[in-house]
Amino acid sequence: MTSGTSSRARALTALLALVLASSLAGSLAAFAPAPASAGGGLRWKDVDTGSDAQFRGLAPVSRKVAWVSGTEGTVLRTIDGGKRWIDVSPGGDTGDLEFRDIEAWDDMHAVILSIGSGGDSRIYRTGNGGRTWTEGFRNRNKQAFYDCLGFWDRRHGLAMSDPVNGTFRILATNDGGKSWTKRKSAGMPPALDGEFGFAASGTCLVTAGDDDAWIASGGTAARVFHSEDRGRTWTVTDTPIRRGDAAGVFSLAVRNTRTLVAVGGDFEKPNARKDTSAYSEDAGTTWTRGGRLGGYRSGAAFLPRTAKTGSPSAGVIAVGPSGTDVSYDVGATWTSVEKGSLDAVECTRDGACWASGSDGRVAVLRGLK
């Protein structure tokens, strides 16, 4: 077992312990109301999914349409704003898989990624609302462990694996996930010993514009890699976010090709606030230490344009096992919104924000002004 694999094993063991703890905490606190003044009046309203899966994969399309994916091979879809959820899980031999990332374009087309070593890392796609799924990729390399996906449009996207032979591995698709090709490792800077990615919320890989992509790392480093040519070549920069066996950058929020926010921390110390966020206004070339979050955060997203957030939006929301925080200055300062465990958050072009987490929890954000 390599040191990198050992670090990932320790990280996964710690994450499982955190999931069990946060699930219990979430059962007690997930529905606790936030103070009226917290987070500028923002609050989460839960919608009933009828599931007890943990949903780290989240792909909202609009106020009405959203997809979630998670444990036990579960994939759900709603087309009425969460009033009713349809189980569109692939079935077959996927029942034990964890679908940690999902990308969707409408109520019919979506791509899902499962995590794990070897053949447990797979990618499936659907073009008929989840009635049927087609396998586009199954990992054959024992060292690879795929963490997340990102797309520029319906056809072009990337998938990221932990380092294989000293570099992060990148797959590319030009046909909407039907097939995938490995990018040459020569274009990727070397990974540090013990550096890897976190499959925490499907946002360790993000895209913007026509060609830009970023991936985030943790472990012995807390770095962000940037590509300007759809994953063919990359540069890398350190961030001030804490690092460790269970620490690093867990999520990237991207507003455009210049402005990004990174959140993370240490999921073995979910309430530790120091060095949990950073932001960049030069496409990730340099990073500035951000404000202190309420603890470790696994997901982040830019809020939609509103009177409060401005245009383009300077508002960012971050979620984790101990609560939700909001920033109205691109991550320089943060305010607590409410307690309660959530893993992933995404916002849509028509002004909706969705979040997902353990025990089948899915919520929509209220109070945007």
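Student: Is Arg230 buried or exposed?

Tutor: This is a predicted model, so read every value as computed. Arg230 is buried, because its relative accessible area is 17% and the cut-off for buried is under 20%.

Student: Which side chain does Arg230 meet in a salt bridge?

Tutor: General idea: side chains of opposite charge can pair when their charged atoms come close. Here, Arg230 meets Asp211, with 3.3 Å from N to O. Arg230 sits in the loop between β18 and β19, and Asp211 in the loop between β15 and β16, so the pair ties together parts 19 residues apart in sequence. Asp211 is partly exposed, with a relative accessible area of 32%.

Student: How many salt bridges are there?

Tutor: The count comes to 12. Take Asp46 and Arg361, whose side chains meet at 2.5 Å, N to O. This pair links distant parts of the chain: Asp46 is in strand β1, Arg361 is in the loop between β29 and β30, and 315 residues separate them. Asp46 is partly exposed at 24% relative accessible area. Arg361 counts as buried at 7%.

Student: Which residue forms a salt bridge with Glu195?

Tutor: Arg223 does, and the closest N and O atoms are 2.8 Å apart. Glu195 belongs to strand β14 and Arg223 to strand β18, 28 residues apart, so again distant parts of the chain are linked. Glu195 counts as buried, at 3% relative accessibility. Arg223 counts as buried too, at 9%.

Student: Which residues are linked in a network of salt bridges?

Tutor: Asp93, Arg122, Glu135 and Arg138.

Student: Now the surface. Which residues gather in a patch of positive charge?

Tutor: Look for Arg43, Lys45, Arg63, Lys64, Lys83 and Arg366. Find Lys83 in the loop between β4 and β5. Lys83 is exposed, with a relative accessible area of 72%.

Student: Which residues gather in the patch of negative charge?

Tutor: Asp52, Glu72, Asp96, Asp120 and Asp359. Asp120 lies in the loop between β7 and β8. Asp120 is partly exposed, at 36% relative accessible area.

Conventions. Residues are numbered from 1 along each chain as its sequence is written. This is a predicted model: local features need pLDDT of at least 70, side-chain atom pairs count only at pLDDT 80 or more; totals for chains, interfaces and linings use all residues. Side-chain values use heavy atoms; hydrogens and water are left out. Patches are made of residues with over 30% relative accessible area and no salt bridge: like charges are joined within 9 Å, nonpolar side chains (Val, Leu, Ile, Met, Phe, Trp, Tyr) within 5 Å. Accessible areas come from the Shrake-Rupley method with a 1.4 Å probe; for residues, only the protein chains shown count as cover. A salt bridge is a side-chain nitrogen of Lys or Arg within 4 Å of a carboxyl oxygen of Asp or Glu. Lys and Arg count as positive and Asp and Glu as negative; His and the chain ends are not counted. The place of a charge is taken as NZ of Lys, CZ of Arg, CG of Asp or CD of Glu. Helices (H or I, at least four residues) and strands (E, at least two) are DSSP runs, numbered from the N terminus. Buried means under 20% relative accessible area, exposed over 50%, partly exposed in between (1.4 Å probe, protein chains only).
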